[in-house]
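Please walk me through this model in the viewer, saying at each stop what to select next and what is to be found there.

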Amino acid sequence: MTPVVRSVVAKIATYVAVCLLVVFFALPLLWLAITPFTPQPTYRVSLSGFTLDNFAQLGDNPQVWPSIRNSLVLAGGSALVVIALASLAAYALSRVQVPGRDQLLYALLLLSSIVTGTAAMVPIFLMLFQLGLIDRQVGVVLVLTGGLLPAAIFILKDFVDSIPRSYEESARVFGASASQILRHIVLPVIRPGMATVGVWALVQVWGNFLIPYVLLADPRKQPAAVVMYTFYDAGGQPDFALISTFALVYSVPVVVLYLVVNRRYGFAFQGGIKG
Amino acid sequence: MPTTSPVSEQGQQAGPAAAAQAATRSTRGPTRRHDPDVAGLGRPRALAFVAPALLLVSVFLVFPAIWTLYLGLLDYSLTGAGAQALTFVGLGNYVSALTDPQFHRSLYLTLVYVFGSAVIGQNVLGFLLAWFLSRADRVVRSVLTILVLLAWILPGSVVAFLWQALLDRRNGTLNALLGTTDQAWVLDHPMWVIVIFNIWRGTAFSVLLYTAALTSVPRSHLEVARMAGASSWQQLRDVVLPTIRGHILTNTLLITLWTFNDFSPYLLTAGGPDGASEILPIYIYREAIIGGHLGFGSAISLLLLLTNLVIAVFYIRLLRTRSRGQEA
């Protein structure tokens, strides 16, 4: 093959590969984009007609808006606690030497994978029952926060690590106190890190099904992830009009939030994950 | 992430030459030796900063985790004899797990799932996408990035419905597209379904990480290679891959651990048909929550955790060899 032919073949192969990838990633999303606007929605993706009638279902069902509000409370609460506690811990762990620090963080990361798993559900349930936190949203927030904190501290510690120590050194030379250093030097620099961790936590909790499902019995307190599985009609058939519109409404906030923070700070792991 | 530790440790242990070399990449190792507490925080205040997080993690993470491990030593069930009187069976649960053919099959399926969808699937596709996107034009880049990210950030409950709609036997999009009627993908190819599902769901993380990693490859190195007549493939192999080896290991470690503990295939196949896609998290769920065999389920959880631990140690070893090799 001559170089020209070869480069043409390579171009065509690239285009085909890109098209296939777009189809692969877009195909499952079609249903979410189209079905809420279809008359008589089912699993079938069809372009027959356009209607906004399905959205009326959202107003008719009394659980829809409270469940979104509950999701906001759980996700927002957990994100705030995670940001606050993880920033403090990450800063201290990055700047003050503690023996065995890295091993401790590794161990916590590994443990966090079983606590979010199914086997630990029974101990967690029993413990919250003893603490009187069953069926209370604060219990869900605490459990989720405990599971998210190790990874959050991990990510944030890397952000703090990437701040040159000379910043603080020079501030101290000029007589700044520890709290001034925190407020005027550290906080502005790690703010993107805090945003990253906050959005990450928010997305995790927003989509979490298992923990609120196990810990909250009262339907009025349950978040959208749990309530979505209750939208079946009397015959046990999924109520597609309600499910599709609800899925869209439930997805939009987390996507918008992600895009806003992504645009503002970028989700690069610069200074973050490195080898 | 955690992998920064080998570098700083090297800086402290190795000679001045190594420390200087480390300093060119990281300001941490050497400066830490001058002043262990650069911010003037003081040990009491540092402890006060760490304490709230540590308290929450201890109560709501470490304690239930240890409780789970302890349950693994008991004959503890929600029904039957184990519910009335708790007996200490020591390693009995572990022996019955390790000799249970269902556990063997489940472990095998988990390994297939992890290697197919994470170590190979997400990793390779994520890298190729990052490599391609870094040189693609703006429209293509934004479209692909948004699609890949959407698959990652949509809530799990929504994603479950999307894939039901895609694979549904009668009305599914895939059957409509391929013209196949009445093809039950979930029943006929359950492992393929969950592997491809996880590639779809999780590749975004690898794309993000590798995109960041590729920006750390010095442009001048690539240019030198190009001027010397290296093809794209040769540039990739000789310049890019060696530079980002650490990122590759970190990424592989994280996605391996996440995939090992991934429960979401349950939403697609529920482990079926007849256990054909019953990976370990689903096996644990079926034994512990549905079957009520809490002790047995906890024992398998510990085995899963140990597998994770072995993998983590293996990766960290690899990383250490790498940084030692570079600094020697």
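**Between the chains**

Begin by selecting chain B and chain A together: in this predicted model, two residue pairs are in polar contact between chain B and chain A, both residues being at pLDDT 80 or more. Next, select helix α4 (residues 43-71) of chain B, which gives the most to the side of chain B that touches chain A, with 20 residues. Widening the selection to that whole side of chain B, and colouring by class, gives 68 nonpolar, 20 polar and 10 charged residues, although the count of salt bridges between chain B and chain A is zero. Now show both sides of the contact, which takes 98 residues from chain B and 88 residues from chain A; between them, chain B and chain A bury about 8,700 Å², with 77% of that area on carbon and sulfur atoms.

**Within chain A**

Where they meet, eight residues of domain 1 of chain A are in contact with eight residues of domain 2 of chain A, and the two domains bury about 660 Å² between them, 87% of it on carbon and sulfur atoms. Select the side of domain 1 of chain A that touches domain 2 of chain A, and the classes are six nonpolar, two polar and no charged residues. Across this interface of the two domains of chain A, zero salt bridges are found, and zero residue pairs are in polar contact with both residues at pLDDT 80 or more.

Conventions: Residues are numbered from 1 along each chain as its sequence is written. Chains are lettered from A and ligands numbered from 1 in the order in which they are written. This is a predicted model: local features need pLDDT of at least 70, side-chain atom pairs count only at pLDDT 80 or more; totals for chains, interfaces and linings use all residues. Side-chain values use heavy atoms; hydrogens and water are left out. Contact means heavy atoms within 4.5 Å. Buried area is the accessible area (1.4 Å probe) that two parts lose on being put together, summed over both. A salt bridge is a side-chain nitrogen of Lys or Arg within 4 Å of a carboxyl oxygen of Asp or Glu. A polar contact is a pair of N or O atoms within 3.5 Å; within protein, one must be able to donate a hydrogen and the other to accept it, and residues adjacent in sequence count only if both atoms are side-chain atoms. Ala, Val, Leu, Ile, Met, Phe, Trp, Tyr, Cys and Pro count as nonpolar, Asp, Glu, Lys and Arg as charged, and the others, Gly among them, as polar. Helices (H or I, at least four residues) and strands (E, at least two) are DSSP runs, numbered from the N terminus.
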